[in-house]
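Please look through the sequence and the structure shown below before reading on. The report that follows takes up selected parts of the fold in turn.

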Amino acid sequence: NVYYDYVLRSYKKGVCGNFSNAAELTGLSKGIHWWYNWGANFDTKYQDTMNQENIDYMPLLFNTNVDVDSVISYIKNNIASIDYIAVLNEPNHIAQSNTTPRQAAQFWVQVERIAAATDVKIVGPALTWSGDNMTEDEVNLNDPIAWMDKFIQEFKNLYGRELTYGFMDILAQRYANPQNQNANFDDPTVWYTFPSTRTEGY
């Protein structure tokens, strides 16, 4: 048996997995509040356990190959279990979502469309360091900050406004709404912040 009683349950904590049975999810519920499975939908056999243990599911839009209407329909049909949607897994990694800032900016209005239609909140892009030496306009995008800064600028260039995004790591402190710069990012009840017009803790 594995015991999780020593783990402080946090709204920030989640797990990735395709579970063999609902008991695995029950055991993990002592320390987590959400889970994902690298996909955009979950097996309904976990629904009762998710309800009983107050665990949310987070769909992941892995790359830009997305049927937006299908995603909206799925979220609306499962809205009781979905509050957040993760977007673009490691875009500066060629073996992951492999998306340049300009491509991401072109795609992001579709992400915002999903959020507006379903009232879910956006988590992403999911950035990390890379050694793939992806470039755009001669900018090396190994550094997640270089990728994100260019993404923000590309979106402004295309649409003339700020975009909506959210983070659950150190990038939240760099890109948070200036009005929320004093947020306590160690607080287990505060997950990430939105810039511009939206600032909200989980």
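## Tyr46 and its surroundings

Not counting residues up to four places away in sequence, Tyr46 touches Asn18, Phe19, Ser20, Asn21, Ala22, Leu25 and Trp35. The model in which these contacts are found is a predicted one. Tyr46 has its place in the loop between β2 (34-36) and α2 (47-53), and Tyr46 counts as buried because its relative accessible area is 4%, where buried means under 20%.

Phe19, one of the residues touched by Tyr46, is buried as well, with a relative accessible area of 10%. Although Phe19 and Tyr46 are 27 residues apart along the chain, their C-alpha atoms are separated by 8.9 Å.

## Aromatic pairs

A search of the whole structure finds 13 aromatic pairs. Phe19 and Tyr46 form one that is edge-to-face, with 5.9 Å centre to centre and 90 degrees between the planes. This pair links distant parts of the chain, since Phe19 lies in the loop between β1 (14-16) and α1, and Tyr46 in the loop between β2 and α2.

Phe42 and Tyr57 form an aromatic pair that is tilted, at 4.9 Å centre to centre and with 55 degrees between the planes. Here too distant parts of the chain are linked, with Phe42 in the loop between β2 and α2 and Tyr57 in strand β3 (residues 56-57), 15 residues apart. Both Phe42 and Tyr57 are buried. Ring pairs join Phe19, Trp35, Phe42, Tyr46, Tyr57 and Tyr74 into a cluster.

## The open sheet

The strands β4, β5 and β6 form an open sheet in that order, and the pairing is parallel. Because β4 (60-61) and β6 (121-123) stand at the edges and have a single partner strand each, one side of each is left without a neighbour in the sheet. The pairing of β4 with strand β5 (residues 84-87) runs over two bridges in the parallel sense, and within it Leu60 has Ala86 of β5 as its bridge partner.

In helix α3 (residues 68-77), the residues Val68, Val71, Ile72 and Ile75 are buried. They lie on the same side of α3, because the arc that they cover around the axis is only 100 degrees. In general, an α-helix has 3.6 residues a turn, so residues three or four places apart point the same way. The buried residues of α3 pack against β4, β5 and α4.

Thr118 lies in helix α4 (residues 101-118), and at 8% relative accessibility Thr118 counts as buried. Leaving aside neighbours within four places in sequence, Thr118 is in contact with Ile72, Ile75, Lys76 and Ile79. The side chain of Thr118 also reaches the backbone oxygen of Ile114, at 2.7 Å.

## Nonpolar cores

The largest nonpolar core has 38 residues, of which Trp35, Val87, Trp108, Ile114 and Phe151 touch the most other members. At least two residues of this core are supplied by each of α1 (22-28), α3, β5, α4 and α5 (144-159), and α4 gives the most, with seven residues. Apart from this core lies another, of six residues, among them Met58, Leu60, Tyr84 and Ala86.

Phe151 is in contact with Pro101, Ala104, Ala105, Trp108, Pro125 and Leu163 when its neighbours within four places in sequence are left aside.

Methods:
Residues numbered from 1 in each chain as written. Predicted model: local features only at pLDDT ≥ 70, side-chain atom pairs only at ≥ 80, totals over all residues. Heavy atoms only, no water. Pairing = 2+ DSSP bridges. Helix = DSSP H or I, 4+ residues; strand = E, 2+ residues; numbered from the N terminus. Buried < 20%, exposed > 50% of the residue type's maximum accessible area, 1.4 Å probe, protein only. Polar contact = N/O pair within 3.5 Å; in protein donor to acceptor, adjacent residues only side chain to side chain. Contact = heavy atoms within 4.5 Å. Arc of directions from axis to C-beta. Core = buried A, V, L, I, M, F, W, Y, C linked by side-chain atoms within 4.5 Å. Phe/Tyr/Trp six-rings, centres within 6.5 Å; stacked < 30°, edge-to-face > 60°.
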